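Please work through the two exercises below with the model open beside the text, and try each task before reading its solution.

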Amino acid sequence: MNYETILVEKRDKVAVLTINRPDKLNSLSSKVHEEGVAALEELRKDDSVRVVVITGAGEKSFIAGADISEFAGQTPVTQRNLFHEKTLFNTIDSFPKPVIAMVNGFCLGGGNELALACDIRTASENARFAQPEINLGIICGGGGTQRLTRLIGEGRAMEMILTGDMIDASKALQYGLVNHVFTQEELETKTLELAAKIAEKAPIALQMSKEAVKFASRSNLDEGLRREVDLFAICFSTEDKTEGVSAFLEKRKPNFQGK
Ligand code: COA
């Protein structure tokens, strides 16, 4: 499908989804949410796609937050309904395949919330991160207060959210907000290498791994350990488990089919 605000490109088993509104620093309009959700739905159904990388067009900005111009016309009810509907944040959060945010430049507000909904974040040295909602007299609405706090801890999240200040890529790395920082030139190659490595793994085991890891911050330890064993046991029903074990015993590389 063709989209106005989204580009989708397939590189072998990896799909790159680019938010394409560089003149508005790739801010998240309702059209971006609508088209992004539709694009992810296509990628979810496409068995040839094993990993998705999300980025922003151009080198200046990953995503500079929600499209602030759309806030002006919203009432509490319309804004609430919009965020209760299918947003990119919710869709990424429940996406069954691994999703990597490749952050090139400004990663602000809803942009940071979108990156937080992804499984792994890589960034270029020029990336800048903030939750600047406070400067507009509002708070995060796309999961920022919850996911940022769980990822980097309450004190650090609190300072970012209360000040709205930007942090640079090296501080984001130190905080654990991003997994890797690369030079601007290397960002795409290194991120796609990481994506390609994950794309070779068994798809059902990847899905179960995601579910189990995400459950860790949403449950207590006993429930989490029980859920892990259940998901581990489900893997024993797959052809990929037979292939993985056989390949190990036969000293060859496994060829996982996602079955
Ligand atoms: N929503 C809507 N439009 C946005 C936007 C946003 N979140 N962020 C940037 N834009 C638009 C600007 O209005 C401008 O459009 P114009 O050329 O039609 O005037 C264009 O993108 C370029 O941005 P500009 O502000 O000129 O770039 P800059 O380099 O001077 O500043 C930022 C960059 C990121 C510091 C600045 O754009 C900014 O603060 N953006 C808002 C960030 C924010 O608060 N996000 C959270 C929203 S909850």
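The model is predicted, so local features need pLDDT of at least 70 and side-chain atom pairs count only at pLDDT 80 or more, while totals for chains, interfaces and linings use all residues. Residues are numbered from 1 along each chain as its sequence is written, and side-chain values use heavy atoms, with hydrogens and water left out.

**Exercise 1.** Determine which residues of helix α12 are buried, and what they pack against.

Step 1. Taking helices as DSSP runs of H or I with at least four residues, and strands as runs of E with at least two, numbered from the N terminus, and buried as under 20% relative accessible area, exposed as over 50% (1.4 Å probe, protein chains only), the buried residues of α12 (239-249) are Asp240, Glu243 and Ala247.

Step 2. These residues lie on the same side of α12, because they cover an arc of only 60 degrees around the axis, judged by the directions from the helix axis to the C-beta atoms.

Step 3. The buried residues pack against α10 (203-216), with contact meaning heavy atoms within 4.5 Å, whereas the face turned away from them carries the exposed Phe248 and Leu249.
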